[in-house]
Amino acid sequence: MDLKPDVLIVGAGISGTAMAIALHRRGLSVVLVERDAQVRERFKGEYLQPIAVHRLQHLGLGSVIESALEAREATAIRELRFRDLASGSLFSKAVSFLAGSPDAAGTLSDVLVRYPKGSHGVSISQHALATRLRAIARKELGADFLEGVELQLKSTTLDRPRLVAQGRRIQPRLVVGADGRNSTVRGWMGGPRAAATGRPVVGAEPEFLVGVDFETDARLPHRYEVIRTAGEGTFSFFQLSGGRQRLYWNTQDASAGKQGWRERISSTMDSQVARHLGQNAEVGSLAGAPANTAWMGPVGRGRFLLVGDAVAVTTPLGGQGMAFALEHVERLVEEIPLLFRQTQSSRRFSADELRRVARRHHASSRRYFHHINLMNLFLYHLCFSRSRVARHLSRAVFSHWNEHPQARELVAEYFAGTRVNGLTPLRIAELLGIPGMARVRALGGVTTKA
Ligand SMILES: Cc1cc2nc3c(=O)[nH]c(=O)nc-3n(C[C@H](O)[C@H](O)[C@H](O)COP(=O)(O)OP(=O)(O)OC[C@H]3O[C@@H](n4cnc5c(N)ncnc54)[C@H](O)[C@@H]3O)c2cc1C
């Protein structure tokens with residue numbers, strides 16, 4: 001039998017499942033199609049910023065986080081801490097920001113950012129999060145959630161979508177591509193392919209992000225800890241579920257491969273990091289992914305819309321991808337039901353209004369992407385980069401951070417989601433003390449290629 005849903009959602013990642021469940025609860029008929037039959041174990045999306053937690057709650061999916069916290073499959077994160085272990089040229093004397101910090105010796109900068117009261121982030125494995133979301137989708141959508149299924153586009157026009165899955169024809173009123181960085185739906189819409197690698201922010205070198213399971217005696221409850229080493233990249237640590245720990249390492253050396261990365265991580269942990277985080281570090285399984293920022297565009301064409309990573313990839317620094325994806329979902333689940341107008345005898349779909357929704361979606365996503373990039377530009381120079389340009393900028397960023405507590409507050413509030421739309425990008429850049437104001441406009445929405 002043919003399926004004629006109001007909305008077909010392609011991809012059951014965080015954005016696809018959240019959107020499918022929310023639209024279904026608002027009375028639309030939804031078909032959700034996922035290519036993978038099983039949730040795969042992956043190194044991605046393991047840290048939810050407070051704003052992403054708020055958004056899940058607002059979408060009526062807060063139980064996913066609460067049940068994971070109760071089952072100890074997730075940990076609440078309340079603080080971000082940035083430490084710089086570099087020696088030599090950057091500063092001639094230590095800048096001890098945290099008075100009396102026991103670890104201050106040997107660090108050039110030690111900055112603690114607390115989330116505003118009432119907000120916290122959450123660390124949760126992608127597997128645990130996706131499994132929970134898929135379980136709700138299965139329960140609520142029933143047979144309209146198709147897993148392990150490949151979709152094919154049959155129509156040649158984007159104004160009358162016709163698709164086939166497992167031999168069944170699907171004729172949706174609207175198609176939402178929530179199928180990630182390498183979106184097939186974006187391809188159908190004539191959008192570009194994602195770059196295989198690129199720059200995390202302007203002025204940086206292209207990088208790889210290596211995710212690692214690791215074990216130490218040290219426990220980091222409630223903290224996301226970033227340690228910038230001397231010459232060996234930056235390590236970000238946080239506690240995962242069941243006593244497991246996660247480490248992310250930024251490297252510009254993609255060619256070293258898994259064995260090379262493992263050796264460098266182990267030796268840097270021993271030589272630089274162990275004295276801050278404890279001895280006996282054991283490096284477990286490991287995987288690399290390109291760390292880049294890219295605006296893909298377009299976000300809407302004909303009866304097709306994109307959400308989440310299919311729209312743009314944000315940097316994986318400190319975890320913002322899911323916040324970005326859920327911002328799309330939160331906004332569109334209010335707007336999409338309005339496209340379906342109930343008349344006395346039938347339900348109508350407003351194609352004109354869809355074009356307006358797509359335009360607003362584009363403008364709003366672009367603005368949000370712009371804000372995130374500005375914040376990242378600041379964090380990147382503070383925490384991650386060792387390139388020559390960045391080293392020069394870092395000095396200004398460090399001084400600004402130390403002299404202006406509002407910069408710290410802005411970062412904490414921004415990621416907790418309290419003032420996202422309250423400030424213009426230029427004002428954010430000004431408050432953060434990002435140098436080169438004349439260039440800031442160009443930096444926000446930049447698309448980078450290797
Ligand atoms: C190494 C790494 C670490 C990261 N860490 C974080 C972090 O700590 N915090 C954070 O917020 N973000 C993080 N991110 C980014 C985050 O993972 C993404 O922003 C987020 O997963 C985007 O969600 P999505 O639903 O849009 O896409 P995805 O999570 O990519 O989901 C897309 C879904 O679509 C399915 N799919 C793909 N093609 C098709 C098709 N043709 N038909 C049907 N289904 C299809 C896929 O199988 C998948 O289930 C990280 C990314 C990487 C690579």
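Helices (H or I, at least four residues) and strands (E, at least two) are DSSP runs, numbered from the N terminus. Keep that naming in mind for the notes below.

1. Ground rules. This is a predicted model, so to speak a calculated picture: local features need pLDDT of at least 70, side-chain atom pairs count only at pLDDT 80 or more, and totals for chains, interfaces and linings use all residues. Residues are numbered from 1 along each chain as its sequence is written.

2. Have a look at Arg72, in the loop between α3 and β4 (74-77). Its phi is near 60 degrees, which is a positive value in a residue other than glycine.

3. A cis bond. Going from Gly297 to Pro298, the peptide bond is cis, with omega near -5 degrees. You'll find Pro298 in the loop between β18 (294-295) and β19 (300-301).

4. What the shell is made of, and where it sits.

5. α2 against α7. Helix α2 (residues 50-58) packs with helix α7 (residues 321-335) at an angle of about 30 degrees, their axes 9 Å apart. Axes are lines fitted to C-alpha atoms, for helices over the stretch in contact, and angles run from 0 to 180 degrees between N-to-C directions. The two helices are therefore roughly parallel (angles under 35 degrees count as roughly parallel, over 145 as roughly antiparallel, 65 to 115 as roughly perpendicular and the rest as oblique). On the α2 side, Ile51, Ala52, Arg55, Leu56 and His58 make the contact, and on the α7 side Met322, Ala323, Leu326, Glu327 and Glu330 do. Residues are in contact if their C-beta atoms, placed from the backbone, lie within 7 Å. This contact divides into six nonpolar, one polar and three charged residues.

6. α1 against α4. Helix α4 (residues 126-141) and α1 pack at an angle of about 30 degrees, with axes 10 Å apart. That makes α1 roughly parallel to α4. Their contact has nine nonpolar, two polar and two charged residues.

7. α2 against α3. What angle do α2 and helix α3 (residues 62-70) pack at? About 115 degrees, with their axes 6 Å apart. Val53, Leu56 and Gln57 of α2 meet Gly62, Val64 and Ile65 of α3. The contact splits into four nonpolar, two polar and no charged residues.

Key: Two residues are in contact if their C-beta atoms, placed from the backbone, lie within 7 Å. Ala, Val, Leu, Ile, Met, Phe, Trp, Tyr, Cys and Pro count as nonpolar, Asp, Glu, Lys and Arg as charged, and the others, Gly among them, as polar.
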